[in-house]
Amino acid sequence: MEDTRDSAERTPRSERKRRDSFGMFDGYDSCSEESTSSSSSDDSEDEVPSIPPTLPIIKNNGQVYTYPDGKAGMATCEMCGMVGVRDAFYSKTKRFCSVSCSRSYSSNSKKASILARLQGKPPTKKAKVLQKQPLMAKLAAYAQYQASQQQNQAKSKAVVPVEGFDWGRYICSNNTVGAPVSCFKHVPMGTCWGDLAEGVRVEILNSDTNLSTKVFWVAGIIKLAGFKALLRYEGFENDNSKDFWCNLCVPEIHPVGWCASSGKPLVPPKTIQHKYSNWKTFLVKRLTGAKTLPADFATKVHENLQYPFKKLMRVEVVDKTHLCRTRVALVEQVIGGRLRLVYEESQDGSDDFWCHMYSPLIHNIGWSRSIGHRFKRSDVSKKIEGQADAPGTLFQKVKDVDQSGEWFKDGMKLEAIDPLNLSAICVATVRKVLADGYLMIGIDGSEAADGSDWFCYHSTSPSIFPAGFCEINSIELTPPRGYTKLPFKWFDYLRETGSIAAPVKLFNKDVPNHGFRQGMKLEAVDLMEPRLVCVATVTRIVHRLLRIHFDGWEDEYDQWVDCRSPDLYPVGWCQLTGYQLQPPAAQSAREIPQVVPKQKKKAQQYKGQKKKRKIPVGRRPFSQAGRRRSFSGDEEQSPPPYTVQGPTRPRPRTHHHTTHKSESMLRLKEEAAEVDEFTFSQGISDQESNGSGSYYIKQEP
């Protein structure tokens with residue numbers, strides 16, 4: 001069989017031009033058009049509709065490949081006609097989607113050649129049946145793609161197409177700054193981004209040319225925003241007419257020297273081709289001492305885009321309809337480390353939940369039993385072929401704590417971010433102490449009688465705070481529902497309820513040097529609709545706590561998020577991973593109708609009210625007494641309440657026990673003249689909250 005190398009890669013010796021050490025041609029006009037492959041010329045006469053760049057190809061290992069920038073790099077299997085990303089195809093020539101197709105093609109070609117000889121015809125490179133296969137397959141794939149797109153649009157009309165948003169234009173028009181990639185340790189290249197900054201030089205395709213062949217040129221980073229960089233070709237000096245934005249992690253970006261080592265031509269842009277007579281001398285002068293990408297940058301990007309979770313892995317995840325318990329779910333999809341989990345009992349696969357693989361909401365099978373957490377057993381007896389429990393090593397580990405000494409106790413008061421309304425920090429109570437440092441927390445004044453809306457936080461969670469945290473840091477604290485003595489005072493509330501505040505020393509005091517600054521742009525998950533990743537801004541920083549504002553939406557949709565949250569991503573993350581980015585909402589889409597029509601009952605996501613319901617999040621719908629607090633419309637029976645296990649759960653304090661308080665009870669300092677067992681230190685400002693110094697509340701000896 002003849003060599004299957006693409007003829008596009010073949011260049012006759014007479015047409016090959018000598019290049020220097022930079023990979024530059026001797027003359028600018030010496031480039032000639034490359035010959036096209038024979039396979040593509042066979043189909044050139046037929047007009048083929050453009051194949052959408054997001055059309056995926058599924059390899060043998062089940063991994064779905066999508067091309068990041070959605071513009072180029074598509075290929076068609078010459079055997080089966082599958083359309084997909086060129087880099088995901090088999091062999092160097094990228095003519096086949098798998099080994100089996102390559103072998104089948106070879107076998108069919110031999111059969112066709114033998115048949116032609118028996119019929120007295122000259123042998124051909126491939127069978128006639130195969131010549132039209134790619135075209136027909138393209139049409140079939142395109143039709144299938146259109147059908148799937150229409151089906152997806154019918155399921156969810158709230159999702160805005162990603163093609164409608166341009167990060168580069170948005171950043172330049174608003175003169176804003178994107179959060180650095182190094183702020184996000186959980187994203188690809190987050191821990192190995194290095195010192196990439198303005199001034200770094202790269203080699204990239206030259207789009208300012210009339211040549212039909214691909215040529216390259218050197219460009220420098222003018223501005224950096226997350227994964228995206230504003231580039232300017234060398235030689236333009238202060239002229240920004242040809243500046244362009246590009247994701248630094250796409251395959252088209254190369255370190256300086258790549259063209260020389262790969263035999264690719266370096267050709268200056270036509271706009272400035274006559275500006276210098278000796279471009280080699282110019283480049284030597286400009287590039288001496290300049291920084292470029294590491295030689296293994298592309299390899300690291302590829303390695304960082306591999307994820308350990310695979311389809312059909314079983315995990316335990318929070319039940320979005322009953323926050324107090326977990327359920328078994330199967331990994332259905334993995335995109336950029338984000339998992340689409342389908343609850344095991346879901347018949348049609350629509351009962352799903354989105355979260356990151358490092359989310360504290362997912363755990364290995366058996367986690368609930370090991371710590372004493374409530375768990376809903378699955379009624380599914382028959383397992384799907386290929387199911388396997390996800391290894392425990394894949395899950396994020398929590399810090400070990402010592403519960404033998406002074407520790408949290410049932411009934412202790414604290415402040416906590418409400419998972420059903422992430423814009424609010426509320427008065428809360430420790431309802432049950434679990435093993436391994438986990439706590440069941442309830443929001444005061446809005447709890448169900450059976451505890452079905454309690455939620456689980458680890459004692460080191462950055463989402464719980466000691467009493468007085470909000471007051472010290474000038475954050476509005478949401479008082480218990482129905483509490484009339486406003487403004488809320490912790491001292492009065494503890495005295496009235498006969499409660500004690502959880503000791504300050506039990507809370508997480510670590511404040512990492514996260515690098516976030518007020519006004520930085522990023523891509524953030526709307527935790528009230530976890531499948532959506534939206535354009536967002538950091539509007540406030542309190543130590544390690546970030547206030548995230550979704551651009552185009554009212555402030556009441558803001559969310560308090562930890563600086564190390566796996567639900568925050570740098571600019572360009574969606575483009576890199578193939579996830580869909582939601583642009584800022586238009587004003588018309590945010591108008592709240594006077595009458596909200598009754599929607600079909602549908603299970604809601606765990607993290608609160610959905611944005612599309614157009615109900616102000618600031619007014620969280622509290623449940624009535626005796627009813628579980630949930631946004632689900634399901635009329636499911638609430639799970640059984642927690643049971644008191646022996647002496648570990650103390651008798652709850654009431655107003656009749658206020659005179660019998662322990663001497664070790666913690667009180668808040670109401671006036672300067674009063675000296676209680678601990679006082680507050682002055683909270684540091686937002687601009688000073690980025691260090692790892694002392695905590696914002698201190699305990700006096």
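**Salt bridges, a sheet and a buried strand**

Student: Which residues are linked in a network of salt bridges?

Tutor: Asp319, Lys320, Arg325, Arg327, Glu345, Asp351 and Lys376. A salt bridge here is a side-chain nitrogen of Lys or Arg within 4 Å of a carboxyl oxygen of Asp or Glu. This is a predicted model, where local features need pLDDT of at least 70 and side-chain atom pairs pLDDT 80 or more, while totals for chains, interfaces and linings use all residues. Residues are numbered from 1 along each chain as its sequence is written, and side-chain values use heavy atoms, without hydrogens and water.

Student: How many salt bridges does a search of the whole structure find?

Tutor: The search finds 25. One of them joins arginine 314 to aspartate 389, with the closest N and O atoms 2.7 Å apart. Arginine 314 lies in strand β11 and aspartate 389 in strand β17, so the pair ties together parts 75 residues apart in sequence. Strands (E, at least two residues) and helices (H or I, at least four) are DSSP runs, numbered from the N terminus.

Student: Is arginine 314 buried or exposed?

Tutor: Arginine 314 counts as buried, at 10% relative accessibility. Aspartate 389 is partly exposed at 41%. Buried means under 20% relative accessible area, exposed over 50%, and partly exposed in between (1.4 Å probe, protein chains only).

Student: And what about glutamate 447, what does it form a salt bridge with?

Tutor: With arginine 431, at 2.5 Å between the closest N and O atoms. Glutamate 447 is in the loop between β20 and β21, and arginine 431 is in strand β19, so this pair ties together parts 16 residues apart in sequence. Glutamate 447 is buried at 19%, and arginine 431 is partly exposed at 23%.

Student: Which helix holds aspartate 492 and arginine 495?

Tutor: Helix α11, residues 490-497; the two are three residues apart, about one helical turn.

Student: Changing topic. What is the strand order in the open sheet of five strands?

Tutor: β9-β8-β7-β6-β10, with antiparallel pairing. Two strands pair if DSSP finds at least two bridges between them. The edge strands, β9 and β10, each pair on one side only. β6 (201-205) and β7 (216-225) share five bridges, and isoleucine 204 has tryptophan 217 in β7 as its bridge partner.

Student: Which strands does helix α7 touch?

Tutor: Helix α7 (279-287) packs on the sheet and touches β6 and β7, its direction making about 30 degrees with that of β7. Contact means heavy atoms within 4.5 Å. Axes are lines fitted to C-alpha atoms, for helices over the stretch in contact, and angles run from 0 to 180 degrees between N-to-C directions.

Student: Why is strand β25 largely enclosed?

Tutor: Eight of the ten residues of β25 (533-542) are buried, so the rest of the structure largely encloses it.

Student: Which strand does β25 pair with in the parallel sense?

Tutor: β29 (581-582), over two bridges, with valine 533 opposite leucine 581. β24 (520-525) runs antiparallel to β25 and is joined to it by five bridges. β26 (545-550) is also antiparallel to β25, over six bridges.

Student: How many residues sit between β25 and β26 in the hairpin?

Tutor: Two; histidine 543 in that turn has a positive phi of about 60 degrees. Valine 542 stands opposite leucine 545 in β26.
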